[in-house]
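Trainee: Could you walk me through how to read a few features of a fold, starting with its core?
Mentor: Happy to; let's open the model together.

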Amino acid sequence: MMAHRETVLPPVAARYFPPASGKYDVKPGLIPLGTDFGNGVADARVFQFDAGFAEYRKVKQAARAERLGKYYQTRDFAPEVAGVVCRFIARRLAEEHPGLFAAEEQDGTLTLHCALSGETLRFDPEMRGVTGGDAKPPYADPFDALAAQVQEDLAVVRRAAKKDWASAIHLCFPHRWTVEEKIGLDFVTMHLPVPGMESFRKPGMVTNMVQYGPFMRFVWELCTDTRLNHHRVPPPGIAPEAWCERPFDPRNPRLFLRVEREVLWGFPAQEAALLAVRISFRDGEEIRKDAALREPLCATIESMSPEALRYKGLAESRDDILAWLREGVNA
């Protein structure tokens, strides 16, 4: 199925444009994995790689070195569930990217050779321990080690006895939320701050994630830089005013569309689902020069409620952004 062997990484990330409908709404938006978005085999992959891998890994290494618990937490992440999920990730990497990963299994022990990081990871038969690699701090567990090999953030949702919760979150590229505030929360509570999330506040969403699929969905933001780690608490030694994102400045305009591609893969026997979240950016200059991108984005912004604009951080800059996007269009 995934026999294509990469020798050279794609120069840029796969391209997606979530505001294409021209109307802002918040809904599950579950799309079958493999739906064609014009990115070839990448659209069918759980894990996507491009020439930016080194930068993504650098950010993950810096986050882990700063304080692992700030970016990675677990809550009731049962070893048997973690083992199944981690073995899936390792096998999937070797299946999707045979030129980048090679998996060897003998007597239940799995060894994963990771060409991009240069690491060889050895997992015990239960996938509870890992050796190999030169991470600092050392990898806490297989989930942590595997998260360091990919350009996605990873999370696991579990359910049992009519409840669900965020069981593991490895989030080195946060934007509006953090690991420490979300770990252990149920899906409804986790999304309460998001205006218009009524359709998510139903048991069926978690059921779809666990029992069906695999799916993908998209979330987008407008931002003024392409920094991956926007944790609201800056690393030690960096002043908050230097760390926080700058507001949109029409005198020196910089704008980017930040796209989250979320892949949801269910494990019905374990009552769990894996989420792999890939961040990419589209330059606002590219968008404003292309009517097929500019006009849907402008229409989407114009359709947003005051609550949605506040949540997205656009309440003060909405008009300036719209004016800049359309500047010179009719000149």
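Trainee: Which residues have the most contacts inside the largest nonpolar core?
Mentor: A nonpolar core is a set of buried Ala, Val, Leu, Ile, Met, Phe, Trp, Tyr and Cys residues joined through side-chain atoms within 4.5 Å. Buried means under 20% relative accessible area, exposed over 50%, and partly exposed in between, with a 1.4 Å probe and protein chains only. Here the largest such core has 73 residues, and those with the most contacts inside it are Phe47, Ile89, Leu112, Phe143, Leu222 and Leu325. Helix H2 gives the most to this core, with 9 residues. A second, separate core of 16 residues includes Leu171, Met190, Leu264 and Ala273.
Mentor: Keep in mind that this is a predicted model, where local features need pLDDT of at least 70 and side-chain atom pairs count only at pLDDT 80 or more, while totals for chains, interfaces and linings use all residues. Residues are numbered from 1 along each chain as its sequence is written, and side-chain values use heavy atoms, with hydrogens and water left out.

Trainee: What does Phe47 touch?
Mentor: Contact means heavy atoms within 4.5 Å. Not counting residues up to four places away in sequence, Phe47 touches several residues, among them Ile89, Leu93, Val150, Leu154 and Ala276.

Trainee: How many residues of H2 are buried?
Mentor: Helices (H or I, at least four residues) and strands (E, at least two) are DSSP runs, numbered from the N terminus. In H2, 13 of the 18 residues are buried, so to speak mostly covered. H2 spans residues 79-96 and reaches 25 Å from its first C-alpha to its last, close to the 26 Å expected at 1.5 Å a residue; the expected span is 1.5 Å times one less than the number of residues.

Trainee: Where do the buried residues of H11 lie, seen down its axis?
Mentor: In H11 (residues 318-326), Ile321, Leu322, Trp324 and Leu325 are buried. They fall within an arc of 165°, so they line one face of the helix; the arc is that of the directions from the helix axis to the C-beta atoms. Their cover includes strand S9 (215-223), helix H8 (284-288) and helix H9 (291-302).

Trainee: In what order do the strands of the open sheet run?
Mentor: Strands of a sheet pair through backbone hydrogen bonds, either parallel or antiparallel. Two strands count as paired if DSSP finds at least two bridges between them. The 7 strands here follow the order S1-S9-S10-S11-S7-S8-S2, with antiparallel pairing. S1 (31-32) and S2 (72-74) are the edge strands, each pairing on one side only.
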